[in-house]
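Here is a short report for a reader new to this structure. Look over the sequence and the model, then read on.

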Protein chains: 4
Amino acid sequence: MIVVMRPKADENKVNTVLNRLNKAGFQTHLSQGVERTIIGAIGDKTRMGDLALEAMPGVERIVPILQPYKLASRAFKEEDTVISVGDIKIGGEQIHIMAGPCAVESREQLFEAAEIVKAAGATILRGGAFKPRTSPYSFQGLEEQGLKYLAEARERTGLKIVTEVMDANTLPMVAEYADILQIGTRNMQNFFLLREVAKVDKPVLLKRGASATIEEWLMAAEYIMAGGNYNVILCERGIRTFENYTRNTLDLSAVPVVKHLSHLPVIVDPSHALGKWRFVPSMAVAAVAAGADGLLIEVHPNPAEALCDGPQSLTPENFQALMKDLGKVAEAVGRKL
Amino acid sequence: MIVVMRPKADENKVNTVLNRLNKAGFQTHLSQGVERTIIGAIGDKTRMGDLALEAMPGVERIVPILQPYKLASRAFKEEDTVISVGDIKIGGEQIHIMAGPCAVESREQLFEAAEIVKAAGATILRGGAFKPRTSPYSFQGLEEQGLKYLAEARERTGLKIVTEVMDANTLPMVAEYADILQIGTRNMQNFFLLREVAKVDKPVLLKRGASATIEEWLMAAEYIMAGGNYNVILCERGIRTFENYTRNTLDLSAVPVVKHLSHLPVIVDPSHALGKWRFVPSMAVAAVAAGADGLLIEVHPNPAEALCDGPQSLTPENFQALMKDLGKVAEAVGRKL
Amino acid sequence: MIVVMRPKADENKVNTVLNRLNKAGFQTHLSQGVERTIIGAIGDKTRMGDLALEAMPGVERIVPILQPYKLASRAFKEEDTVISVGDIKIGGEQIHIMAGPCAVESREQLFEAAEIVKAAGATILRGGAFKPRTSPYSFQGLEEQGLKYLAEARERTGLKIVTEVMDANTLPMVAEYADILQIGTRNMQNFFLLREVAKVDKPVLLKRGASATIEEWLMAAEYIMAGGNYNVILCERGIRTFENYTRNTLDLSAVPVVKHLSHLPVIVDPSHALGKWRFVPSMAVAAVAAGADGLLIEVHPNPAEALCDGPQSLTPENFQALMKDLGKVAEAVGRKL
Amino acid sequence: MIVVMRPKADENKVNTVLNRLNKAGFQTHLSQGVERTIIGAIGDKTRMGDLALEAMPGVERIVPILQPYKLASRAFKEEDTVISVGDIKIGGEQIHIMAGPCAVESREQLFEAAEIVKAAGATILRGGAFKPRTSPYSFQGLEEQGLKYLAEARERTGLKIVTEVMDANTLPMVAEYADILQIGTRNMQNFFLLREVAKVDKPVLLKRGASATIEEWLMAAEYIMAGGNYNVILCERGIRTFENYTRNTLDLSAVPVVKHLSHLPVIVDPSHALGKWRFVPSMAVAAVAAGADGLLIEVHPNPAEALCDGPQSLTPENFQALMKDLGKVAEAVGRKL
């Protein structure tokens, strides 16, 4: 890191900073210009946060040079991480489509959805049993019953299951049924929950917070990895901006950026980002073209009757058509579905 | 709510929408223009979220007319809510200053901070025992030991205690010590936690999410109130914008807006919003001028040694000077400290 | 539009609003609920802005139902607009690549760039003669000399020329040389300039303002169209968000959204949005997959020597490789390069 | 500035960077760590933009240490700039209120407004003769006739005049009538216009762009100052964020931040930021408490009849009440009205 001292910081203040850095095991390097002194410091970046240098007298600002994450970084592991979910591999040549309804509403609805997405080529079934809803008066999910239906659907179709875990208390229950544990956008910085999923032997699908920078997102992955679980799949799902025609703004550039900074696989959820089914197919093919390792897509047998997020769900017909387009674009960029 | 139909939606589609609204107990009103049909619907707004109208064929969009929250709204309760914390009343004529260190670091540090803020006129001591930190490698708080120090500091000084609760599991422990339970910005939409604090008989200080709209913030308050706890204090703490000279952008206009939309008291945390102590005093006096019912301010006996957020903490001297300025501005706007 | 009256607005206030609407030629429709009165109004949407209804006593808010633009809307013209630039057609089956250096720096640099992009398959040459620069101390462009080089390059290569016009005073000069007039992101709401380019018989490439909503962008197009120039090409170039790893956040969803709302062609500039050449190819192919009618890409014979925006410019080799990838993806989505 | 080299940048690449820096007159300082090499460079910061270092092979990123503006910086001029407008001084102990209608609509309307704001204690009359409007179909201002009314109002009341200039072509005309030239938010980076007002001997009120960082705003001031006009008054008017209950988010922290970074006076426009008159008074007193040197406030004799921005205009009664409150708060913070 670089410590920039104020224009008139005297030798005394500079030495106090040097001492604190040296005591913490940092190697320092002094650069005295005419206008101001600059200190370069090399050492364990994970200790930087506790040094509190910015509050020291004479310090103007701290410029971090290295990323604050370590295990999640491409520098730590050069080759791409490929995550196994049973016989499925996420992060390799094949692109995986995770599709299904926003919420598990009933046995029939889920099974119908599962058959549809399976037939069209999806390999993973999505469906919420615990639903984080903005309103306390909205449908909050079928909870354990929903998980049971998901497990049944898995047995019937062979699809893997991804479903959201919202709380440390219900984590053991969710982990019993799910193949992939989803951490929702609102929980990306629920550090208690991150520490708990770190202890579970299941892959984690970590959604980006709607207002999280890519660095904060990778720091959240670092929490899970530092706790012992290296199987983290990152999921871009739109960020909050001033544009309000779409529900959020899908930040597709996060795909190549994450692939540059990290070795973890990254998938895209166009359904939640857009909020309107009409625009989901275009952004799904664009995500694959941008290099995504998979997609999370809402499909409902009858969106007009959905208890949750109907407006962004594809009908079976639209999903089938999309899968065909995805196959063509995947091939054009050297991947396969 | 208003349902706007697409230009070419036929009678059949309009009737299907009308039927669903009527079945859900809404009173409907049809308005057929040359270009398109518009349906007005009056009924229980808390049921709106589950109607899924936006996904119905022929529907272009839904325009909500009423706010989606009820118990938190000014329409539900016209007079200001005043919340008692022992002998202290938040939301009345007196403005309360909640001050102290970001984190409880040690018995000595906390007691020193408590004496300083008490002497300067604060009525509530802040201090984190559980700390949500962006990095898994940063200091995460003293946990229960920190809570014990807070309780001791309360006994010594008579100050009330506000401290953050991060998780449903540790809620009973925190509730045993705290006078006010703080929900942090990252947990504003941790709906499990909101439902749990709703069951506790302690006032809740609900921080605005860094990227939450005022409506979402009030919906989070609604979660707590719908669960039975009406003692919610709202706290504006800066929102995330493109400006990066300050840590966040303090949205002071949230103060008069919340007071217009809701009856709940609202306080301001300039320390976290600004992230630089130098700008905290100006924004603290501005917050009082804008009508805030209180302030949350970080004060550290020695910011340069702080384990957390030193750069934004006031020194004892700066805090004393600020308290004098606050007194004058409070008087100028008809309040008192 | 819908006029929502306050809960206690009396008959008198409602009538005053009705009168103003009727006088302005709007057809009104009253809907009296238990809690409040709602007025539907149908009429010339272009007159809405001057009615000042929101300031009338008893009015709570105005909800526009129709888009405020007319000529730019899909409702006004159902089929896609295809814009001819000589023998080139923008908005049809063929995707056009506009490539070249950020700024025209010298005769040699421009000619070299022109040969490179022509050979790789671009049809239009980009290059700034007038450069809007954040710093008054930065290189501001070669001005008319730069325009002359562009014209020469056109003669040598047959490429069409797109270049930025920054001001009404220099518009006649720029229009003399350019095939397409570019309005930069900072000038999207320079209404004087919009009115002036409306009078010129040349296609206009209108960049989206970095903080403009899609609606505001279409309103800017409406200014040009209302002034008589219907040949507007929209260009998404990234919006400003809190994410700062990339220069801006490329809002690719703007492509399908604009195509839904408007009949105008839309192209994408990944170079300015990303600000780092490394991520440009991924987003270029994603843009084509999303449905863009063209791309604006910075290519420099030697980016390390560029006077402007070197970090985001592709080398000749990278551009050639990209063009091959673009061809494959274009074909996969039923277009051609 | 600091040049951070990539982990594996060899000596050759480092030397090429050093050479370019040295040739440009920068003094360099090498710091070779185990993981990477860092180059410190001290020299003329205004030349930094043209060095194009970021595109050089082996360079990872550039970290600027000093602000890119010079004349506008507090380092360049330590004491506050006080700007004289006739006998009025902006930036001193006295806070100046600039009030009046959004647009000059008629002789009667303007004169009535002028009398009202004068009687209540304003010293400067605001009113637009050229209006930048989002819609081409909205009222665009009375143009020169409006300027004449403003001049007449000045003669009648002794108030100074501030009015917007939108274009270099009409600048001479506006400069003939105005005491202060206003650059609107949409023109903050209209560099042609900035260069032109730099040549005029009148103070310039420079509004912050709705999505401009404080640094970009000060760079725009630098354009005017570098061109010879040192009399720049900065005006915070709200920034664009995701919050949409208010028109924009008033960034009041910009007041102390600008006063720390620059010597220029800074005023606040709560009317445009909030967009709703109801919240203007709270934010006006907050702005004064935060240290603003003045306010720009919309007042209309009859807001319900205003041709422009009626919803955010204060009635004469509300303005009178506000002026009393402002006086009290000004005194509380050691200023006067």
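## Around Gly238(B)

Gly238(B) touches Ala210(B), Asn248(B), Thr249(B), Leu250(B) and Ala273(B), leaving aside residues up to four places away in sequence. Contact here means heavy atoms within 4.5 Å. Gly238(B) sits in the loop between β12 (232-236) and α7 of chain B. Helices (H or I, at least four residues) and strands (E, at least two) are DSSP runs, numbered from the N terminus.

Is Gly238(B) buried or exposed? Gly238(B) counts as buried, at 0% relative accessibility. Buried means under 20% relative accessible area, exposed over 50%, and partly exposed in between, with a 1.4 Å probe and protein chains only. Pro7(B) lies 231 residues from Gly238(B) in sequence and 42 Å from it in space, C-alpha to C-alpha.

## Basis of the model

This is a predicted model: local features need pLDDT of at least 70, side-chain atom pairs count only at pLDDT 80 or more, and totals for chains, interfaces and linings use all residues. Residues are numbered from 1 along each chain as its sequence is written, chains are lettered from A and ligands numbered from 1 in the order in which they are written, and side-chain values use heavy atoms, with hydrogens and water left out.

## Chain A in outline

Chain A has ten helices and 14 strands. Its C-alpha trace spans about 75 × 45 × 40 Å along the principal axes. Of its 337 residues, 66% count as buried. Take the contacts in chain A with a separation of 6 or more: residues 24 or more positions apart account for 68% of them.

## An enclosed helix in chain C

Helix α7 of chain C covers residues 254-261. Seven of its eight residues are buried, so the helix is largely enclosed by the rest of the structure. The buried residues are Ala254(C), Val255(C), Pro256(C), Val257(C), Val258(C), Lys259(C) and Leu261(C).

What do the buried residues of α7(C) pack against? Within chain C, they pack against α6 (214-226), β12 (232-236), β13 (266-268) and α9 (280-290). They also pack against α9 (280-290) of chain A.

## Two interfaces of chain B

Chain B puts 50 residues in contact with 50 residues of chain A. The two chains bury about 4,300 Å² between them, 53% of it on carbon and sulfur atoms. Buried area is the accessible area (1.4 Å probe) that two parts lose on being put together, summed over both. On the chain B side, Asp50(B), Tyr137(B) and Phe192(B) lose the most area to chain A, together 16% of what that side buries. Four salt bridges are counted between these chains. A salt bridge is a side-chain nitrogen of Lys or Arg within 4 Å of a carboxyl oxygen of Asp or Glu. Arg20(B) forms a salt bridge with Glu305(A), with the closest N and O atoms 2.9 Å apart.

Chain C also meets chain B, with 21 residues from each in the contact. Here about 1,800 Å² is buried, 60% of it on carbon and sulfur atoms. His29(C), Ile65(C) and Phe242(C) supply 25% of the area that chain C buries against chain B, more than any other three residues. Two salt bridges are found across this interface. Lys8(C) forms a salt bridge with Glu78(B), the closest N and O atoms being 3.7 Å apart.

## Salt bridges elsewhere

Over all chains, the whole structure holds 65 salt bridges. Glu78(D) forms a salt bridge with Lys8(A), at 3.8 Å between the closest N and O atoms. This pair crosses between chains, from the loop between β4 (59-63) and β5 (83-85) of chain D to the loop between β1 (2-5) and α1 (11-23) of chain A. Both Glu78(D) and Lys8(A) are exposed.

In chain A, the side chains of Arg126(A) and Glu298(A) meet in a salt bridge (3.7 Å, N to O). This pair links distant parts of the chain: Arg126(A) is in strand β8 (residues 124-126) and Glu298(A) in strand β14 (residues 294-298), 172 residues apart. Both Arg126(A) and Glu298(A) are buried. A network of salt bridges links Arg208(A), Glu236(A), Asp251(A) and Glu243(C).
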